[in-house]
Amino acid sequence: MSASQPVLAVEGLVKHYGIRPGLFGRARAQVRAVDGVSFSIAPGETLGLVGESGCGKSTVGKAVLRLVEPTAGRVTLEGEDITALNRAGMIARRRRMQVIFQDPYSSLNPRMTAGDIVQEPLINFGIGSAGEQRERVAALFARVGLRPDQRSNYPHEFSGGQRQRLGIARALALGPSIIIGDEPVSALDVSVQAQVINLMMDLQDEFGLSYLFVAHDLGVVEHISHRVAVMYLGKIVEIAPRAALFEEPRHPYTEALLSAVPVSHPRQRRKRVTLKGDVPSPVNPPPGCRFHTRCPIAVPLCREVEPPLLADPSGHATACHLRSQASPA
Amino acid sequence: MTEQPILALEGLRTEFATGQGAPVVAVNDLSLTLKRGETLCIVGESGCGKSLTALSILRLLPRPYGRIGGGRVLLEGRDLAQATDAEMRQIRGRAISMIFQEPMTSLNPVLTIGRQIAETVMVHEGLDWTACMGRALEMLRQVRIPEPERRLHEYPHQLSGGMRQRVMIAMALACRPRVLLADEPTTALDVTIQAQILDLVRDLQAETGAAVILITHDLGVVAEMADRVLVMYAGHKVEEGSVEEIFDAPAHPYTQGLMQAMPHLGSGEHRSRLNEIAGVVPALNARPPGCSFAPRCGLATDRCRQEMPPLTGLGGTHMAACWAAGGSQA
């Protein structure tokens, strides 16, 4: 594996859900949750994936993990195409690719002790003797900041932040190269959220982990990410290194999203670029550029032709007829 | 300035019976005043008592366990803590309205939104049904719902989250209340929709002169909306002041911690360690003696662990309850 090889590469990922009128009806319409998404993540890198509810960002995470089957596209993990792997093959690959959910409470077995929850993946993959496994669990508990005596507690006995630490310990147990975080800190109080963000950054530095960090909080994403992708209605509209995206956003949707974030000091109060209306339905996305119905600068071309996602030499890619600063490759 | 406050809390104490022994105290000795047209933000993390403060004002505490155990809730001088249930029904939705975080659970799913708004008007103002529906339509227009004539006859599930929150606001404002309590009104919404709703609340407040208590955990929302800020921790007011006083010079270590823990846009502190506040908010029945924040505070001394610090003036309207915050008191 060469040093420049991405840990995760996603090409043309599509996930459509059929809407059926009844239990046995034929799919009458398609929800185009994810509609042609491509990106890659380098070793030790965090890619933040942001967008509003229903933009498809969580579905991207699930399709990458094949927790939902992609409709089309290719997912490459450490150089290997995992899209066509069977169940057994996929299970083996999940050692390298783990997930942390928003609410660890609903993803942790309430009848297992915390120690067993973290040990379970080691048992499933037959890693080490029982004694070695217990040592590994103790080390993981210490690493994520849980007390050794908490190993015999059940999930309901933990606070939200501690449950997220437990979810992280379990995700780390098998030594993955990449962790998909689906809104991992969204349910936490600010002070506890800071604890978990710090922990995730420390673990990344220590183990060279990559993260796909799916979140809606732009402040958090700016803080933790190296690169950021912005999704709107199933497509990436802009992807760029963090500083470029936050300081010189090019896509009008990115601009509006950033402008909507509350200020951090009362003296910065300002008139915002407020988007009108709601996100259109992904069942019938608008033709042309999907953002044209709410875009303040749309021209007739935007209603007819879908703009491609074009990158400039610095790696800043934008899907906008008016704002892309690159010629087609 | 001698303008009488619309709403004042004096030493409010909200408690819950526990079955064994003494009740637990969720809100402790809380005082505040709210003037016409003013926006007061109550800030704090889960379990600090901010929502229970709002429910205490409206006397909507869960029965039979929750109750107001002391203090007064004064609406234009009249103590609501002593009002009868029938009197409270006249006050809720008319003098004081409330909007909640999740409109879907607060709207009736089997009634059209027009009917739900009109019903409020009917109960409080006794107009005929046509007039009430007319008011409902007018309210939908006022909260800028597109195609209000059509939406009037739709059900809550047919609306998006942002539209449902607009309906809640329309219902809350239908009888032109003098006080609006908003409990995390935008927490469940996307940031672009949040911006729309905050703008709307601000505009409507300017039009109607209502006073607003906005409960939130998001300091960004506070920075956008507040005239004054009240910070709560574990049931106590720990700091209060104008929004400039609080953001320029947060005095209580908890307020400082909250501000530093929140990553915000354009801070230029990419991937630096965020300031953590170690530990979690203590449970209701496990509050330490002395300052509730002492176990998580880097500045705590023996005195903090034994003796509750009083609220102390820091100049202007700014006050904090901290032995280390350097008030005038020795």
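**Figure 1. Helix 4 of chain A and helix 5 of chain A cross in a right-handed sense.** In this predicted model, helix 4 (residues 114-124) of chain A packs against helix 5 (residues 130-144) of chain A at an angle of about 130°, and the two axes are 9 Å apart. On the side of helix 4 of chain A, the contact is made by Gly115(A), Val118(A), Gln119(A), Leu122(A) and Ile123(A), which meet Gln133(A), Arg136(A), Val137(A) and Leu140(A) in helix 5 of chain A. Sorted by class, the residues of this contact are five nonpolar, three polar and one charged.

**Figure 2. Helix 4 of chain A also packs against helix 6 (residues 160-172) of chain A.** Here the angle is about 25° and the axes of the two helices lie 7 Å apart, which makes helix 4 of chain A roughly parallel to helix 6 of chain A, since angles under 35 degrees count as roughly parallel. The crossing of helix 4 of chain A and helix 6 of chain A is right-handed. Ala114(A), Ile117(A), Val118(A) and Pro121(A) are the residues that helix 4 of chain A brings to this contact, and they meet Leu166(A), Ala169(A) and Arg170(A) in helix 6 of chain A. By class, this contact holds six nonpolar residues and one charged residue, with no polar residues. Val118(A) can be found in this view, where it takes part in the contact with helix 6 of chain A, and in the view of Figure 1, where it takes part in the contact with helix 5 of chain A.

**Figure 3. Helix 10 (residues 252-260) of chain A meets helix 8 (residues 191-208) of chain B across the two chains.** The axes of these helices come within 8 Å and cross at roughly 55°, and that makes helix 10 of chain A oblique to helix 8 of chain B. The crossing of this pair is left-handed. Chain A contributes Ala256(A), Leu257(A) and Ala260(A) from helix 10, while chain B contributes Val191(B), Thr192(B), Gln194(B) and Ala195(B) from helix 8. When these residues are divided by class, five are nonpolar and two are polar, and none is charged.

**Figure 4. The side of chain B that touches chain A draws on several helices of chain B.** In the contact between the chains, 36 residues of chain B are in contact with 37 residues of chain A. The elements of chain B that give two or more residues to this side are helix 8, helix 9 (219-225), helix 10 (243-248) and helix 11 (253-261), and the largest share, six residues, comes from helix 8 of chain B. By class, the residues of chain B on this side divide into 14 nonpolar, 13 polar and nine charged.

**Figure 5. Chain B is built from twelve helices and twelve strands.** Its radius of gyration is 21 Å, close to the 20 Å that the globule rule gives for 330 residues, so chain B is as compact as a globular protein of that length. The C-alpha trace of chain B spans about 65 × 50 × 45 Å along its principal axes, and buried residues make up 48% of the 330 residues in the chain. Among the contacts in chain B with a separation of 6 or more, 62% are between residues 24 or more positions apart.

Terms used. Residues are numbered from 1 along each chain as its sequence is written. Chains are lettered from A and ligands numbered from 1 in the order in which they are written. This is a predicted model: local features need pLDDT of at least 70, side-chain atom pairs count only at pLDDT 80 or more; totals for chains, interfaces and linings use all residues. Axes are lines fitted to C-alpha atoms, for helices over the stretch in contact, and angles run from 0 to 180 degrees between N-to-C directions. Helices (H or I, at least four residues) and strands (E, at least two) are DSSP runs, numbered from the N terminus. Angles under 35 degrees count as roughly parallel, over 145 as roughly antiparallel, 65 to 115 as roughly perpendicular and the rest as oblique. A crossing is left-handed if the near helix is turned anticlockwise from the far one by less than a right angle, and right-handed if clockwise. Two residues are in contact if their C-beta atoms, placed from the backbone, lie within 7 Å. Ala, Val, Leu, Ile, Met, Phe, Trp, Tyr, Cys and Pro count as nonpolar, Asp, Glu, Lys and Arg as charged, and the others, Gly among them, as polar. The radius of gyration is taken over C-alpha atoms; the globule rule is 2.2 Å times the number of residues to the power 0.38. A residue is buried if 20 or more other C-beta atoms lie within 10 Å of its own, exposed if 12 or fewer, and partly exposed in between; C-beta atoms are placed from the backbone.
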